[in-house]
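Hi,

Here's the structure I said I'd pass on. Have a look at it first, and then read my notes below.

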Amino acid sequence: MPVHIKTVKADTETANPKLGIGVLSWSSDNKYLVTRNDNMPNCLWIWDIRKLQLCVILIQAEPVRCAEWDPAHPRLAVCTGNNKLYLWSLPGCVSVEVPTDTGIQITSLQWNPTSHSLLLRGKDQFCLAFLEADEEF
């Protein structure tokens with residue numbers, strides 16, 4: 001079954017148009033590299049550097065707002081401006097709905113240096129997410 005990847009045409013008439021690779025980040029173990037082409041804002045490309053090949057493409061329904069590697073494990077946290085936190089590691093990917101009374105729309109995130117929690121930020125709100133210590137990576 002073919003997969004359609006949504007593309008966005010860059011407006012070259014504006015100053016500093018978004019072209020090319022807008023996100024580029026190494027995993028903490030230096031085995032993986034995540035990239036995002038600004039012309040395909042809904043996709044994250046995760047590369048296995050040891051094999052010099054593409055490992056996975058994460059395709060989101062909305063444009064990726066932020067993607068951050070866990071500082072201690074090869075695990076990627078992703079947000080797209082909705083109330084869900086997406087986590088990718090080699091065994092697979094999970095989507096977690098953040099239960100709040102206010103309905104936070106997560107636009108950025110940051111790992112705690114211990115990798116046991118995440119700061120999730122919205123426009124006017126923030127939330128702390130705690131992860132179980134015995135998760136597999």
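This is a predicted model: local features need pLDDT of at least 70, side-chain atom pairs count only at pLDDT 80 or more; totals for chains, interfaces and linings use all residues.

How many salt bridges turn up in a search of the whole structure? Three. Another one joins Asp38 and Arg36, at 2.7 Å from N to O, and both of these residues are buried as well. Then there's Asp48 with Arg50, where the closest N and O atoms are 3.4 Å apart. Asp48 has a relative accessibility of 5%, so it counts as buried, the cut-off being under 20%.

Now for the nonpolar side of things. The largest nonpolar core has 15 residues, and the ones touching the most other members are Ala77, Leu85, Leu87, Val98, Leu109, Leu118 and Leu120. Which strands supply at least two residues each to this core? They are E6 (75-79), E7 (84-89), E9 (108-111), E10 (117-121) and E11 (126-130). A separate core of 12 residues lies apart from that one, and its members include Val34, Ile46, Val64 and Val78.

Leaving out residues up to four places away in sequence, Leu120 touches Leu85, Val98, Ile104, Ile106, Ser108, Leu109, Gln125, Phe126, Cys127 and Ala129.

Cheers

Technical notes:
Residues are numbered from 1 along each chain as its sequence is written. Side-chain values use heavy atoms; hydrogens and water are left out. A nonpolar core is a set of buried Ala, Val, Leu, Ile, Met, Phe, Trp, Tyr and Cys residues joined through side-chain atoms within 4.5 Å. Buried means under 20% relative accessible area, exposed over 50%, partly exposed in between (1.4 Å probe, protein chains only). Helices (H or I, at least four residues) and strands (E, at least two) are DSSP runs, numbered from the N terminus. Contact means heavy atoms within 4.5 Å. A salt bridge is a side-chain nitrogen of Lys or Arg within 4 Å of a carboxyl oxygen of Asp or Glu.
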